[in-house]
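Q: Hi, could you walk me through this one? I have a few quick things to ask.

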Amino acid sequence: MEISAIENSYLKHGTKYKGILGWLTSTDHKRIGLMYMYAIMIFFLVGGLLGGLMRLELFRPGQDYITAQTYNAVFTVHGVIMIFLVVIPGLAAVFGNILMPIMIGARDVAFPKLNLFSFYIYIFGAILAISSQFLGKGAPDTGWTFYAPYSTDTNTNVVAAVLAAFVLGFSSILTGLNFIVTIHRMRAPGMTWFKMPLFPWSLYATAWIQLLATPIVGITLLMIIAERWFKIGFFDPNLGGDPILFQHLFWIYSHPAVYIMILPAMGVITEIIPTFSQKRVFGYKAIVFSSVAIAAVGYLVWGHHMYTAGMSVTARWFFSLLTFIVAVPSAIKVFNWISTMYKGSINLQPPFFFTMAFIFNFMIGGLTGLVLGSLATDIHVHDTAFVVAHFHYIIFGGMGFAFLAAIHYWFPKIYGRMYNNKLANTSCALIFGGFTLLYFPQFIIGLQGMPRRYFDYLPKYEWGQVFSFFGAIVLGIGILIMLINLFKSARKGKIASSNPWGGKTLEWTIASPPTVENFEEIPIITEGPYEYK
Amino acid sequence: MEQEHQHITSYRTYAIVLTALLFLTAITVFVTWFDLEALTIVVAMAIACVKVTIVISYFMHVKHDKLVFKLMVGMVFILILVIFLILFSDYLFR
Amino acid sequence: MENSITHTEHRDDTASKMGMWLFIFTELLLFGGLFIVYSVYRSKYTADFHVAANQLNTFIGTVNTVILLVSSMTVAMSVTALRTGNKGLTLKLLATTIFFAFLFLVNKYFEWGLKFEHHLYPGSELMLTLKRGELLFFGLYFFMTGLHALHIIVGMILLIVIYRKIQTGRITKDDNVLLENGGLYWHLVDLIWIFLFPLLYLIS
């Protein structure tokens, strides 16, 4: 493979326009995916800096750098950016767009123009979200959850932030719609449902959640706006409304949203492990069904965010039961990953290290989730730093590490070049170490009673906050090293072969980077996706 | 690309369907003249469900569509029903 | 399979229709959220809801129901007409549908106008003096019928665009999925009204 592969690729050829305009008007799924990736990286850095700011404030008890009101605004913006702009579109819009059509043997998604359209809706929503910080009477201070009745009372600029979430939800819906139709209609001839690779499978399950859960939060957010503008009082107790109903409606979307984040992450991990073990994935159908089961049951467990909100006892134990049930398919996946590695010929490369870190973090995040899911213990740890730690172990430790694993896995396919292995391993170690140092102490001080979203605390929690602060610094350095490595390699790295890891799925059968058309001829599929010898 | 055969519904079928729908509308208005108390909402919703089924099967052609469309539509309505049931496990037992 | 460099534009009607259906599902769930809110407050304030619903005009509601049902039939028939190659009839049926849509909006205008005249509108002083359940009922009434009317307007625009495309020959006997999708959207508007009508107008 020489430079010519890059010259012939989608990176150089696209629409009739050249340069940046050629990217902005491109309906090529690979270009759209990359545009999402660059946008998400920028927002991730912004959100991460805000997180760092909170860590700085919490370094010592008492007020040091920012006021309580600013702190409230900072954690709200951190949440809105990270949830709606980074992790929800994260894997699906980036790697789903770039790789899903290739993995099922298609030339593009079913509706390429709609795909570009949803990217622009995303950008529009992002602009709204950012501008909500500067326009009106101050940045929103409700937390990313917009709980009523505070969100309908506060004078800050809630409407813009709420509208941003609504618009971003619409973008997410259209991406999901596109993926479902693509997977139904455009699989290569011979690729039956059970010959489809597992990353597309996880995207398929995710797409259904995006499609069926997002509208509920959409209408809820519209009701918040109606309440602010027209005093309709859907959620205001003074006007007869019920604030708990808001929590119900909000979590009917926002809990499944967690699965929108983690399901594609599991899909990525399921792709990486067979490649680096050179072994057929263990229990293909079990993984498929567990994805579908997580999507289905995960839709119905929203109430476990509301144990202390005043729900009926019946509802509480029912939600707790369902929460424990949804842990089963998640555990099935972990067992399958471990079993796939068993007796495989393991190839220790950066993507595999990130994958190991994912499994480790996901185990901790998942098991602490059960602590929160059981009624009695949740009363104790509800709204403490324990929840913060659990949440970040799933979202960052899980979805975030899967994202990094995916970048390192598909990097040679996307850019046709290879990164520096040593630097990649160093950054992986630093990110993992920093992450652990940052969030693990939060479990402990959370159990001791440190509340979440507080900008001040008792001196007995100081040791944990100090650890977390230094963890955040290590984490930041790790991310910086990784970004430098990736950006340098994308332009000047060694030319990569078309299949550097010895993968078996379709994306490894074509040139790196792919041509605009992906396949010269659509392949005809006769066997399953992971037929290693 | 092969084009699937398109089912063409006759004008007559549509006319019959409309008559049925109008008839059901008349019934649902008519029953409100009687005081059925708690049953009012049950009857109204039952009739609405029948009407919706008719519209989906005939006007929206799901009856003659591929199986996958039937499954999807069914799934969505079941999902909405399940959400209601779970939500009311809170409100009915408070 | 041809080896062309450009993206091959192949037509897949089933894919387009599936896309439309998926979009319809999101709309159903959007209104589903509202129906959830309605049912919760109705179970909490049953008596207030009955009193408030009494003030809605059942006659106008029924007329609008009939209008939507008939227009649903005409748009369904227009698909049949196009598939049997009768372009003239297709256009006439579509025009009828669009006319009915307009009629629905006119009715809605008068219905809302009357409420506004009686100082019953979201945020009015009279509204805030009502009982909590009645206040919620009227809030829901305006929100739900308003959102529904918005969908009527969108559907109307969609049908007008489709009308133009049939006129200029961009939708034909053999390539009619756009008309079918427009029809599906119009039926969705009808579906939602089928639930809205008894819940708002017929519970007194």
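Q: Is Cys49(B) buried, partly exposed or exposed?
A: Cys49(B) is partly exposed, because its relative accessible area is 40%. Here buried means under 20% relative accessible area, exposed means over 50%, and partly exposed lies in between (1.4 Å probe, protein chains only). Keep in mind that this is a predicted model: local features need pLDDT of at least 70, side-chain atom pairs count only at pLDDT 80 or more, and totals for chains, interfaces and linings use all residues. Residues are numbered from 1 along each chain as its sequence is written, chains are lettered from A and ligands numbered from 1 in the order in which they are written, and side-chain values use heavy atoms, with hydrogens and water left out.

Q: And what about Cys428(A), buried or exposed?
A: Cys428(A) counts as buried, because its relative accessibility is 5%.

Q: How many disulfides are there over all chains?
A: Zero, from a search of the whole structure. A disulfide would be a pair of cysteine sulfur atoms within 2.5 Å.

Q: OK, switching to helices. How do H3(A) and H16(A) lie to each other?
A: They are roughly antiparallel. The axes of H3 (residues 29-58) and H16 (residues 462-492) of chain A come within 9 Å and cross at roughly 160°. Axes are lines fitted to C-alpha atoms, for helices over the stretch in contact, and angles run from 0 to 180 degrees between N-to-C directions. Under 35 degrees counts as roughly parallel, over 145 as roughly antiparallel, 65 to 115 as roughly perpendicular, and the rest as oblique.

Q: Which residues in H3(A) meet H16(A)?
A: Met41(A), Phe44(A), Leu45(A), Arg55(A), Leu56(A) and Leu58(A) do, and their partners in H16(A) include Phe469(A), Ile479(A) and Phe487(A). Contact means heavy atoms within 4.5 Å.

Q: What about H4(A) and H8(A), which residues meet there?
A: On the H4(A) side, Ala92(A), Phe95(A), Gly96(A), Met100(A) and Met103(A) meet Phe199(A), Pro200(A) and Leu203(A) in H8(A). The axes of H4(A) (residues 68-103) and H8(A) (residues 198-230) come within 10 Å and cross at roughly 125°, and the two helices are therefore oblique to each other.

Q: Last topic: how many helices and strands are in chain C?
A: Seven helices and zero strands. Those are DSSP runs numbered from the N terminus: helices are H or I of at least four residues, strands E of at least two.

Q: How much of chain C is buried?
A: Buried residues make up 62% of its 204 residues. The C-alpha atoms of chain C fill a box of roughly 70 × 35 × 25 Å, taken along the principal axes.
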